[in-house]
Amino acid sequence: MEKQILNNLTVVVPIKGKLNEPDTNFLKLALTSIESNKGYQPSKVLIVHTTDTDIETIKTLSTLTNVSFYLNDSVDTDFCSQINLATKNKIDTEYFSILELDDEYSAIAFDVFNEYSTFYKTASVLVPAIFDIDMQGNFLKFNGVDTLSRGFVQEGDLGVITHELSKNLTSQILSGAFIKTTDFNDCGGLKKNIKISFMYEFLLRATHQDLNVVVLPKLCYLHRNLREGSYLKTLNDSNITKEEVLFWYESAKKEYYYPKDRVVEYKIAEVV
């Protein structure tokens, strides 16, 4: 059966630097997960990369015909900068979704997006259920259970994450979510100065600005934990303390008031 094209969706894959063999294999799985979706495909797949990324090798990893490449030649770049650059300058679809190079979509992800984006027309962020998986793809745990449970056990609109609810969450990743591009940019994008908790800070800021965030009771995303060289693995290897993790989540709860990114420095004395 020929798959239908979702003309309102771009998948963006941020890549920084050269990919080693394991990362290349993970990226192949990530791109294959787009191809393997049942009934729908995004209209565009955008790979944001740096000057030292081997895009010729990446081109051999998939038979997708809708992949394009966008060079970020900034010396000082990171995950947040890659996404912000793409949404401001390159993505022209109504929605976008972040696919980390070592993660995968479930086989029904785009079918779910098509169904729920049609139903929740005013939603700015659609957050699906997420599985954490290990390096071999084995199930580890549910990710974002706190978000899902609070979204469906409340008074008012079922599945909607209000600002008051978001302030009581412990964390939230937005990779795999489906986000309205214009609303994301108008809200200020991701803040590179917020370490560790930058996705949670965006969720707080979005709900504070009255954007509609809806959680979906369907599995759409497989999040691979602690890949060698990943952001979280690097943090773990640097022996980051619980106090610093707490600092960044407490900082998120303060910084969401500010639409623009500000310099924030880790100071243990500021932890409350």
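Predicted model: local features only at pLDDT ≥ 70, side-chain atom pairs only at ≥ 80, totals over all residues.
Trainee: How many aromatic pairs does the count come to?
Mentor: Rings pair if their centres lie within 6.5 Å. By this rule the count comes to 14.

Trainee: Are the planes of Tyr-95 and Phe-113 stacked, tilted or edge-to-face?
Mentor: The ring centres of Tyr-95 and Phe-113 are 5.1 Å apart. Their planes stand at 80 degrees. Planes over 60 degrees apart count as edge-to-face. So the pair Tyr-95 and Phe-113 is edge-to-face.

Trainee: Which parts does that pair tie together?
Mentor: Tyr-95 and Phe-113 are 18 residues apart in sequence. Tyr-95 belongs to β4, residues 95–98, and Phe-113 to α4, residues 109–119. The pair therefore ties together strand β4 and helix α4.

Trainee: Is Tyr-95 buried or exposed?
Mentor: The cut-off for buried is under 20% relative accessible area. Tyr-95 has 2%, so Tyr-95 is buried.

Trainee: Which residues do ring pairs link into a cluster with Tyr-95?
Mentor: Phe-113, with 0% relative accessibility, counts as buried. Ring pairs link Tyr-95 into a cluster with Phe-113 and Phe-178.

Trainee: Where do Phe-96 and Phe-184 lie?
Mentor: The rings of Phe-96 and Phe-184 have centres 5.0 Å apart and planes at 75 degrees, so this pair is edge-to-face. Phe-96 is buried at 0% relative accessibility, and Phe-184 is buried at 2%. The pair links parts of the chain 88 residues apart: Phe-96 in strand β4 and Phe-184 in helix α7.

Trainee: Is α8 roughly parallel or roughly antiparallel to α10?
Mentor: The axes of α8, residues 198–208, and α10, residues 242–255, come within 9 Å. They cross at roughly 25 degrees. Angles under 35 degrees count as roughly parallel. So α8 is to α10 roughly parallel.

Trainee: Which residues in α10 does α8 meet?
Mentor: α8 passes α10 in a right-handed crossing. From α8 come Tyr-200, Glu-201 and Leu-204. The contact of α8 with α10 divides into four nonpolar, no polar and three charged residues.

Trainee: Is Leu-219 buried, partly exposed or exposed?
Mentor: Leu-219 lies in strand β10, residues 212–224. Buried needs under 20% relative accessible area, and exposed over 50%. Leu-219 has 24%, so Leu-219 is partly exposed.

Trainee: What separates the C-alpha atoms of Leu-219 and Phe-131?
Mentor: Leu-219 touches Phe-131, and also Ser-106, Ile-108, Ala-129 and Ile-130, leaving aside residues up to four places away in sequence. Leu-219 and Phe-131 are 88 residues apart along the chain. Their C-alpha atoms are separated by 7.4 Å.

Definitions and conventions: Residues numbered from 1 in each chain as written. Heavy atoms only, no water. Helix = DSSP H or I, 4+ residues; strand = E, 2+ residues; numbered from the N terminus. Buried < 20%, exposed > 50% of the residue type's maximum accessible area, 1.4 Å probe, protein only. Contact = heavy atoms within 4.5 Å. Axes fitted to C-alpha atoms, helices over the stretch in contact; angles between N-to-C directions. Parallel < 35°, antiparallel > 145°, perpendicular 65-115°, else oblique. Left-handed = near helix turned anticlockwise from the far one by under 90°. Nonpolar A, V, L, I, M, F, W, Y, C, P; charged D, E, K, R; others polar. Phe/Tyr/Trp six-rings, centres within 6.5 Å; stacked < 30°, edge-to-face > 60°.
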